[in-house]
Amino acid sequence: MDCKKPIVENPQPVVEESIHSNKDPNKQPMAEVSENVEPANKKQQTKKKTEKKVTEPKKKVVPKQVRLMQEALAKLKEEEERQRKEEEERLRREEEERLRQEQLEREAEEARIRRREKKKEIIEQKRREGLPVTRKQKQQAEKLKMFLEQIKRQNQVEEPPQPEVAHESVEENRIDDDKGEPEVVHESEKENFLRSPICCIMGHVDAGKTKLLDCIRGTNVQKGEAGGITQKIGATYLPAENIQERIKELQGADDKKHMKVPGLLLIDTPGHEEFSNLRSRGSSLCDIVVLVVDMMDGLKPQTIESLKLLESRKTKFIVALNKVDRLCGWKPCPNAPIVKAMKQQSQDVKYQFNKKVEEIVTQFMTQGINTKVNLDENKRMRETHSIVPISSKSGEGIPDLLSLMVYWTQKSMAEKLTYSNEVQCTVLEVNYVEGLGTTIDVILVNGVLHRGDQIVVCTSHRTPIVTRIQSLLTPEPMKELCVKGKYQHHSEVRAAQAIKITSPHGFKHAIAGTALYVVGPDDDLEEIKEAAMQDMKSVLENNNKRGSNSSSGDKGVCAQASTQGSLEAMLEFLKVQDIPVSGTGIGPIHEKDVRNASVILAFDVKVTKEAQKLADELGVKIFVGDIIHEVIKAYMKNLKEEKEKELAAVEKEAVFPCVLEILPDHIFHKKDPIIVGVKVLRGTVKVGTPLCIRHQRDFVVVGRVESIMNSNRCVDIANMGEEVCIKIVETNLNQQQVKLKGKDELVSHISRRSIDVLNSYYQNDPSVDWKLVQKFKTIFKIL
């Protein structure tokens, strides 16, 4: 048997194969490779490739979600980088703008400094030349100039050439020699210096202020006002000839008194509490005040307020004791002096009169003011204020009042009433006049205004109004400025006078109570603009004192009035009533006003047809009236009705918190309906309240209270501490296997909705126990 030698395989290729098992199977075996001798550099390249394959990590396959997240992250980084660059750019622009503003402010300040230095140089130059510098010096210089001109005119008087006239002159001089210096010359001299005094009529509502002016003017403005109540500030000019006609009965043939003022300017103010701003504005302009007091009512709140205002400003005043004609048995003496009228009265009327006067004098004394009835001349008017009894209905005492106003002012205020060419003018009212647009009523205290003058008026915006006078309008003599009627056009108006001014662009946003400035040829416009806007500070201070009820957004009402003064009074009344305001306006209501409001309160203004149509389409309510109180009263009534409707709609959802204890032996019926006697431990139970009871760890709804009996009488509500019998319907206790027993507690089942209803409609209701509400929120896990 031939034994064949086993085939022994060469182990070398196996080892080589195992070592290079990771290589591509298509490559030649190691034995073949070893037979071919490779160059040295080839081996080195192969070795480097092998090392490279070992060192380089194998690339992993990235899932799609990871790739999307990486892309999103990259985009986020790009967005952050973009925002960072934008923020840097914004900061750079802001820095540039700040630097530019600082540069402009520096330039403006430098310009102001240059103007001041130039002004100082001019002042120093004037002082060196002996020219007047201050306002007082200018006024004194003007007085001196006018006085010298008057003396010069007197020295230039020539003797009349005709014998007959010469004889009359000799006769005149003989009469004048007996009296001393001729009075006619003295009167002519003074008339050229004095302006008309400004008198403000103040007092409580219904005291008869406007009726007094109607009696003086011979008009009937009071009848034409809504409700017979003044709701605007007005002004009337009384010429000297009209005053002299009214007081001629007081002047005897040998009376040495002569009227030296050209007239009287009377300012009428409303008496309502809300119009305190108008009273303050009127009193700040006046030289003297007539305080009208109702003889039958005495001092009222607005009278006392007016007294405090006058004392704070140290303003002189006369008390007009009105309505003497209401004394029982009074015999009318139309337009007679009060002394003449009193002589015709009976002893009983005189007794009533003296008694009423004593009461009024005592009331003034309680306010720290001394008064005296002016039946004869009051020679101590500086210490004691005169009381002039009058009747604004039949005119008794009116001559006495006018005479006292004229002669007291021209005697004791000659220096204050001295005329000056320097313009002193104040904006009394801002109003809308159909055909003229937004105009301003001004009081020209001193100086002259010309048509075409450039003027500057303060506004509620950052920049004042700079415009030219288009028209200078005044009412007809003895007519009221605020009453619509015919106006007289003037090329110039001299103080003191009430004027309506128009301009090409109107006076929207002008502020009443601020000064009007006239720009002269040598004046610096920028300085005048700065001075005009300084008045805003005092206006803002007054607004802060009165408080604000402004609201932002759509909440609140829009207040619209014919004048700024009326608008201020309306805002004051709304603030007292705690009614928020979202917007204001002056003049008629147009479509743009409707689009920006939900409710409009319109006082003394018209509503255009287009605006009313749009309001009906949008559901905007407009309340229109001629009396502020009636407008707001109508709004409050409508608001109350709307709240009642809303309350009726959500009344069933309002669940008042309560805790009831079932009285032992008072479970009268255990099935539907349940009738039990309970005691109210906390809160309030009402008809319709859903009740529940604690069962194990949860609360189970028992039902709804259908009725409540208290002492055999049906009631709608039971308060804490009361014991009542309740009837519960819509019960499901049998399904829950819950039985009621004595001493069990029933609680009202509240919800998030019921709490919201309580917050909205019953916030101030004392029967809501809010501490119990908070406790129930925790028990019922209400967020």
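Mentor: In helix α14, the residues Val349, Phe353, Val357, Ile360, Val361 and Phe364 are buried, where buried means under 20% relative accessible area, exposed over 50%, and partly exposed in between (1.4 Å probe, protein chains only). These residues cover an arc of only 100° around the axis, so they sit on the same side of α14; the arc is that of the directions from the helix axis to the C-beta atoms.

The model is a predicted one, in which local features need pLDDT of at least 70 and side-chain atom pairs count only at pLDDT 80 or more, while totals for chains, interfaces and linings use all residues. Residues are numbered from 1 along each chain as its sequence is written, and side-chain values use heavy atoms, with hydrogens and water left out.

The helix itself comprises residues 347-366, 20 residues in total. From its first C-alpha to its last it reaches 29 Å, close to the 28 Å expected at 1.5 Å a residue; the expected span of a helix is 1.5 Å times one less than its number of residues. Helices (H or I, at least four residues) and strands (E, at least two) are DSSP runs, numbered from the N terminus.

Gln347, Tyr351, Glu358, Met365 and Thr366 are exposed, and they lie on the face turned away from the buried side. The buried residues pack against several elements: β4 (288-294), α12 (301-313), β5 (316-322), α13 (338-343), β6 (371-373) and β7 (385-389). Contact here means heavy atoms within 4.5 Å. After α14 comes Gly368, whose phi is positive, near 80°.

A single residue shows this packing from the other side. Thr371 belongs to strand β6 and, at 12% relative accessibility, counts as buried. Leaving out residues up to four places away in sequence, Thr371 touches Val361, Phe364, Thr384, His385 and Ile387. Val361 and Phe364 are among the buried residues of α14.

Helix α15 (residues 398-412) may be examined in a similar way. With 15 residues at 1.5 Å each, α15 should span 21 Å, and its end C-alpha atoms are 21 Å apart, which agrees. Because 13 of its 15 residues are buried, α15 is largely enclosed by the rest of the structure.

Further along the chain there is a sheet. Strands of a sheet pair through backbone hydrogen bonds, either parallel or antiparallel. Here 8 strands form an open sheet in the order β12-β11-β17-β8-β9-β16-β13-β14, with antiparallel pairing; two strands pair if DSSP finds at least two bridges between them. Its edge strands, β12 (465-468) and β14 (487-490), each pair on one side only. On average, neighbouring strands of this sheet are turned by 35° against each other, direction ignored. Helix α16 (residues 525-533) packs on the sheet, where it touches β11, β12 and β17, and its direction makes about 35° with that of β11. Axes are lines fitted to C-alpha atoms, for helices over the stretch in contact, and angles run from 0 to 180 degrees between N-to-C directions.

Strand β17 (residues 515-518) pairs with β8 (residues 424-433) over 2 bridges in the antiparallel sense, and Leu516 in β17 is the bridge partner of Cys425. Strand β11 (residues 454-457) also runs antiparallel to β17, joined to it by 3 bridges; here Val456 has Tyr517 as its partner. Elsewhere in the sheet, β13 (residues 471-475) and β16 (residues 497-502) pair antiparallel over 3 bridges, with Leu472 opposite Ile501 in β16.

The last topic is aromatic rings. The structure holds 4 aromatic pairs; rings of Phe, Tyr and Trp (its six-membered ring) pair if their centres lie within 6.5 Å, and planes under 30 degrees apart count as stacked, over 60 as edge-to-face and the rest as tilted. One of these pairs, Phe699 with Phe780, is tilted, at 5.3 Å centre to centre and 50° between the planes. Phe699 lies in strand β26 (residues 698-709) and Phe780 in the segment after α24 (770-779), so the pair ties together parts that are 81 residues apart in sequence. Phe776 and Phe780 form an edge-to-face pair, with 6.0 Å between centres and 80° between planes. Phe699, Phe776 and Phe780 form one aromatic cluster. Within it, Phe776 is buried, with a relative accessible area of 2%, whereas Phe699, at 25%, counts as partly exposed.
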